[in-house]
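Thank you all for coming.

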Amino acid sequence: MDELKVFTGNAHPELAREVVDYLGIPLGKNEVFQFSNENIFVRILENVRERDTFVIQPLCSPVNNNLVELLIMIDALKRASAKRITAVMPYYGYGRTDKKDQPRVPITARLIADLLTVAGANRLLTVDLHAAQIQGFFNIPVDELTALNLLANYFKEIKYNDLVVVATDIGISKRARDLAEKLNAPLAIMEKRRVGNVDQTETMNVIGEVKGMTALTVDDEIDTGGSLVSVVSTLIENGAKGVYACCTHPIFSDSAIQRIGSCPVKEVVVTNTVPMKDGKKLDKITVLSMAPLLGEAIRRIHTGMSIGAMFE
Ligand code: R5P
C-alpha cells in the first residue's frame, strides 16, 4: 500500500476516514478552504510524485461547491506529478440530467464527465449511477459499484415470507429485479409519471401483485421523498400489508425527513454515500456503510485485481 494515497475534500470526510481505516493507511494531508471572495483554495501537504492517488468526494450538498473542490483537488494532484488520479464519487450528482429529453436542455451528467477528465482524472470510481449509460460519457475507465448486495443482505436477515420487491419507477426496474432475485421474492413495478421539471411526482399504477404482501420499494436515491410518499400510499391502497423502502443515496433535500416521518413506511434503509446530518436521523432510517466496499475497490484498483469479482 506504499504508493497509495487517499485524500478528501469537505463533502464527506467521515466516509473517507472509514475508507482509510479499512485500508489501514492514514488519510492524505491536504487543505481545502474558501477565501473571503468564495474562491476555493487547495494545497496537497505531502509528496505525491508517482503515487497512485484517490480523491473521495460525493457530489452532495452543497453540490456545486463540492464539484469545484473536487476539480481543483484533481488539478492540484496532477500539477504535483501524481502518477494516477482516481475521482471517487460515491454519489454522482447531476446524474438525472443525462439525456436531451426536451428541446434546448443540457446533458449535465456528460458535462461533469468532461470537467473531471479535463481536470486530470484518470479513472472514476462511483456507486449506483442514476443510469448505467453515464459510464459511456467517459473516455477513462469507470468502475461502478452497487449497494444492492449490502441492501439485500440486510433484508435477508429479516426473512419475510410474503415479500414483494417494488421498483419505484420503470427506470429502476432492472435493478429491482436483481434485488428481487437476491431475496427470492416476486417483483412489482410502479408506473410513475413526473409532472413538469419541478420535484413533483404522480404515481399512476401498480404493475404486479402486492395485495396482502410486505412490499420493499427500491430506488437509486430519495431526494425530496415525494416519490416515496406516493409509492407507499399507492401500495397501501392496493392492499400491501406493510411497506419498507431502500435506496443507495439518501439525498433527503427539502422536507424529505418530515415526509418520511409522517408517511406509513415502516423502515427506510439507505447507505452512507452522502453524509447524513444529525437533523436527518429518524428511528425508522437505517444507514449501512459503503466504506468496506469502497475501500476494497480502491485496494483492487491499486493492485490491479478484479472489481467484478467482488460482486460474484
Ligand atoms: C428519479 O428518477 C430517481 O430514480 C428517484 O426516483 C428520484 O430521484 C426521487 O426523487 P424524490 O425523492 O424527490 O421524489
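This is a predicted model: local features need pLDDT of at least 70, side-chain atom pairs count only at pLDDT 80 or more; totals for chains, interfaces and linings use all residues.

**From one contact to the whole chain**

Let me begin with D143, whose side chain makes a polar contact with the side chain of R123 at 2.8 Å; by polar contact I mean a pair of N or O atoms within 3.5 Å, where, within protein, one must be able to donate a hydrogen and the other to accept it, and where residues adjacent in sequence count only if both atoms are side-chain atoms. Residues are numbered from 1 along each chain as its sequence is written, and side-chain values use heavy atoms, with hydrogens and water left out.

D143 sits in strand β7, residues 142-145; helices here are DSSP runs of H or I with at least four residues, strands are runs of E with at least two, and both are numbered from the N terminus. Is D143 buried or exposed? D143 counts as buried because its relative accessibility is 14%, given that buried means under 20% relative accessible area, exposed over 50%, and partly exposed in between, with a 1.4 Å probe and protein chains only. Setting aside neighbours within four places in sequence, D143 is in contact with R123, L124, L125, T126, I301 and I307, where contact means heavy atoms within 4.5 Å.

R300 belongs to helix α8, residues 291-303, and counts as buried at 15% relative accessibility. Its side chain reaches the backbone oxygen of S306 at 2.6 Å.

Now please turn to the ligand. Which residues are closest to the ligand? Of the 14 residues that surround the ligand, the closest are D219, D220, D223, T224 and S227, a residue being counted as near if one of its heavy atoms lies within 4 Å. A polar side-chain atom of S227 lies 2.4 Å from an oxygen atom of the ligand, a backbone N or O atom of D223 lies 2.8 Å from a ligand oxygen, and an N or O atom in the side chain of R96 is 3.0 Å from an oxygen atom of the ligand. The protein covers 94% of the 380 Å² of accessible area that the ligand has on its own, with areas taken from the Shrake-Rupley method with a 1.4 Å probe. Two or more shell residues come from each of β9 (187-194), β11 (214-222) and α6 (226-237), and β11 gives the most, with four residues.

Finally, let us step back to the protein chain, whose secondary structure comes to eight helices and 14 strands. Its radius of gyration is 20 Å, close to the 20 Å that the globule rule gives for 312 residues, so the chain is as compact as a globular protein of that length; the radius is taken over C-alpha atoms, and the rule is 2.2 Å times the number of residues to the power 0.38. Of the 312 residues, 54% count as buried.
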